[in-house]
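Here's a quick briefing for anyone meeting this structure for the first time. Have a look at it first, then read on.

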Amino acid sequence: MAKRPTSTFAAQRASAVLLIPLALWFLWSIAAHAGDDLAGAQAWLGHLHNKLLFGAFVAVGAFHGRIGLHEIIEDYIHGPLNATLNALAIAAAAAITLLTWASLFQI
Amino acid sequence: MVETTLAQPPAAGSGMNRPKASAPLSPHLQIWRFTPTMAASITQRATGVANFSGTLVLAAWAFAAARGEAWFGPVAGFLASPVGQLIVFGYIWSLCFHMIGGLRYLYTDTGKGLEPKIATQAAIANYAGSIILTLLIAGAAFAARAS
């Protein structure tokens, strides 16, 4: 019975720890690339390590965000809408991750 | 005495349509007295939702960069507009707040720092730290663009 909350807690914390270096890298990058034009953005994302870090930040962020959204939905939405919203949150996280990765590897 | 079903608290795990395994739920917003810790807790959730929306912006930005100028022009133009700049600035602050808040939670997860006085100071430091970090990053961004 208690397995789901415990593993969710662990996944939330593990992704949070992973996100600390990724977010620091991203915040540092945003300072340097916030105003990039297309050539600048493509040159920056053209480097494999930037692709991987950007993609990891979005993927781990979406995964971590999905857990948080589930927590909020569980707290405030009771009833049949609960499952629907959870499914939507999972779909949104998956779509954001897939769109980002597919785009990154077209650059 | 007639008991109505409405007045009865649902037995744990037996409520209608409740999730199968029950994690503890948060108290509702209305019953809280205002404290910095409570404000930081609510802000942690709000910034979490904002960060999730931010990843959507990142996906759109990467998609536009892959498609070419027809897509990238409007996206970059919007992000450079006053509203867009506010979104970027807000997203940076939101990430900073949530990251510092996350460190705070990782620490309190160990059972330490829960005394009201320390927890209150940590909550206030969370706001102060996020604002300082945001201004530093925004300053660096302006400096990078000016150079």
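**Aromatic rings and a surface patch**

Trp101(A) counts as partly exposed, with 29% relative accessibility; that label covers the range between buried (under 20% relative accessible area) and exposed (over 50%), using a 1.4 Å probe and protein chains only. Keep in mind that this is a predicted model, where local features need pLDDT of at least 70, side-chain atom pairs count only at pLDDT 80 or more, and totals for chains, interfaces and linings use all residues. Residues are numbered from 1 along each chain as its sequence is written, chains are lettered from A and ligands numbered from 1 in the order in which they are written, and side-chain values use heavy atoms, leaving out hydrogens and water.

**Ring pairs**

- Rings of Phe, Tyr and Trp (its six-membered ring) pair if their centres lie within 6.5 Å; planes under 30 degrees apart are stacked, over 60 edge-to-face, and the rest tilted.
- Going by that rule, there are 11 aromatic pairs over all chains.
- One of them joins Trp101(A) to Phe105(A): it's stacked, at 5.8 Å centre to centre with 15 degrees between the planes.
- Phe63(B) and Trp71(B) make an edge-to-face pair, because their planes sit at 85 degrees, with the ring centres 5.1 Å apart.
- Phe63(B) is partly exposed at 23% relative accessible area, and Trp71(B) is partly exposed too, at 48%.
- Ring pairs also tie Trp25(A), Trp44(A), Phe54(A), Trp61(B) and Phe72(B) into a cluster.

**Around Phe105(A)**

- Phe105(A) is partly exposed, with 46% relative accessibility.
- Lys51(A) lies over the face of Phe105(A), 5.6 Å from the ring centre; a charge sits over a ring if NZ of Lys or CZ of Arg is within 6 Å of the ring centre and within 35 degrees of the ring normal.
- Over in chain B, Arg104(B) does likewise with Tyr105(B), at 4.9 Å from the ring centre.
- Leu48(A) is exposed at 51% relative accessible area and belongs to helix 3 (residues 48-76) of chain A.

**Chain B overall**

- Chain B has 4 helices and 0 strands; helices (H or I, at least four residues) and strands (E, at least two) are DSSP runs, numbered from the N terminus.
- Of the 147 residues in chain B, 32% are buried.
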